[in-house]
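Trainee: Before we discuss any detail, could you show me the sequence and the structure?

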Amino acid sequence: MLLVPFLAWCAGPDASKGTRLASAAPVESAQGRDDEQAARPVPRDVREMLREMNAQNVENTIRTLVSFGTRNTLSVQDDPARGIGAARDWLRSRFEAIAANSGGRMTVELQSYVQEPASRIPVPTVITNVVATLKGKQAASEGRVYVVSGHYDSMCGDPINPTCDAPGANDDASGVAAVLEMARVMATREFDATIVFMAVAGEEQGLYGSTYFATQAKAAGRNIAGMFTNDIVGSSRADDGSPDPFTVRVFAEGVPTAETATEANTRRSVGGENDSPSRQLARLVKDVGENSATGMRVNIIYRRDRYRRGGDHIPFLQQGYAALRFTEPHENYAHQHQDVRSENGTVFGDLPEFVDFAYITRVARVNAAALAALARAPAVPANARIITAKLTNDTELAWDANPEPDVAGYEIVYRETTEALWTHVLPVGNVTTFTVPGLSKDNFFFGVRAVDKDGHRSPVAFPKPAP
């Protein structure tokens, strides 16, 4: 657990020990927990926001998207009732209706380009992302962006068949429904940083829509501080029927996809395979997403994605952005990428009857809790360093001051090298250097995070060795 009460932070550090953070016990039910995290307060306005998220809205979105028959990226784009064009236009109208309640802070656009023939694209094809941007209110933070997405295209057994029925209820109307519901409840709130809610196309053909968005963002120098994709978040039952309705998997890569040769050499020398920006982002999601308001367990998977699979977070990783994939705990492959049919009493196809709308709503709450925490917190401290000028059994850390006007100070976190999550926190005040006495950098992993005056905490910065 990473969070400590703000009053404890104000009281100043215990430099000899820090504060011990208890590990989370499993969540046994949606009704209650008996672990340390159950006692951690969820901000009242966040709890209210999560309570507003509605499973009926999620169901309506999924059934509407399924009603378009197919949403294959190659399907017709000018039919108002069938195909990906109908889905695109409906999504735009929904985002615009949501934006109307934002006081002018949310804008909606279609981001389109022509994809020339390539893998699973036999002819030039217009690919369109539906993008809703909720602008941050703090001048020092509005350029910091968090992206949450689902993909609205679908496919049957043949990925380049543009006419076969491809309902795509779980893959990935579920993710799009979660994003729409997040946008609906968050559009009426204010956040320091900017949040982008996005439905992308071309995922089943090869991550084309998300690749276009990520490469365009990188070329424009956009500061995307974190990205979530929700893909196949619709079912709480495994293929054997066993339920797991209160767990979501979050896939987080270790060695960064965009790591340079110099960075790789440093990592091989001092470690950090488990401390990429994406892993720090996942730890924050677990830290703020497991609570009584969500009723969920966040199961961090230390992989970029599943075997032989990929999602819309990968293009962001390729551009050097921290990104995560949310997905259900156990997939049922009879309801993914299948022609709709019945064989020997088994129904195949990605149909709404195999989707758990309440489960999707809980997953959306985890996303929204994390996005709210990120967009209200300071940025990750820049240029975090562990000073190696001399051999000592103390550990000296340094970092650059954050630009946000409401930053109150910083915390050092640390753990044994064999621990997966941060276990100790040491408040150090509003400084940019601190020496932890008696704890050797050889024996522990260290990090630093910023805290604002309201107690919002940034993700952790993992320091690089510096003289």
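Mentor: Leaving out residues up to four places away in sequence, Met182 touches Met53, Val148, Phe197, Asn230, Ala364, Asn367, Ala368 and Leu371, where contact means heavy atoms within 4.5 Å. This is a predicted model, in which local features need pLDDT of at least 70, side-chain atom pairs count only at pLDDT 80 or more, and totals for chains, interfaces and linings use all residues. Residues are numbered from 1 along each chain as its sequence is written, and side-chain values use heavy atoms, with hydrogens and water left out.

Trainee: Why is Arg325 called buried?

Mentor: Buried means under 20% relative accessible area (exposed is over 50%, partly exposed in between, with a 1.4 Å probe and protein chains only); Arg325 has a relative accessible area of 0%, so Arg325 is buried.

Trainee: What makes a polar contact between the side chains of Arg325 and Asp305?

Mentor: A polar contact is a pair of N or O atoms within 3.5 Å; within protein, one must be able to donate a hydrogen and the other to accept it, and residues adjacent in sequence count only if both atoms are side-chain atoms. The side chains of Arg325 and Asp305 make such a contact at 3.2 Å, and the side chain of Arg325 also reaches the backbone oxygen of Asp231 at 3.2 Å.

Trainee: Which residues in the largest nonpolar core touch the most other members?

Mentor: Among its 81 residues they are Ile62, Met182, Met186, Phe197 and Phe228, a nonpolar core being a set of buried Ala, Val, Leu, Ile, Met, Phe, Trp, Tyr and Cys residues joined through side-chain atoms within 4.5 Å.
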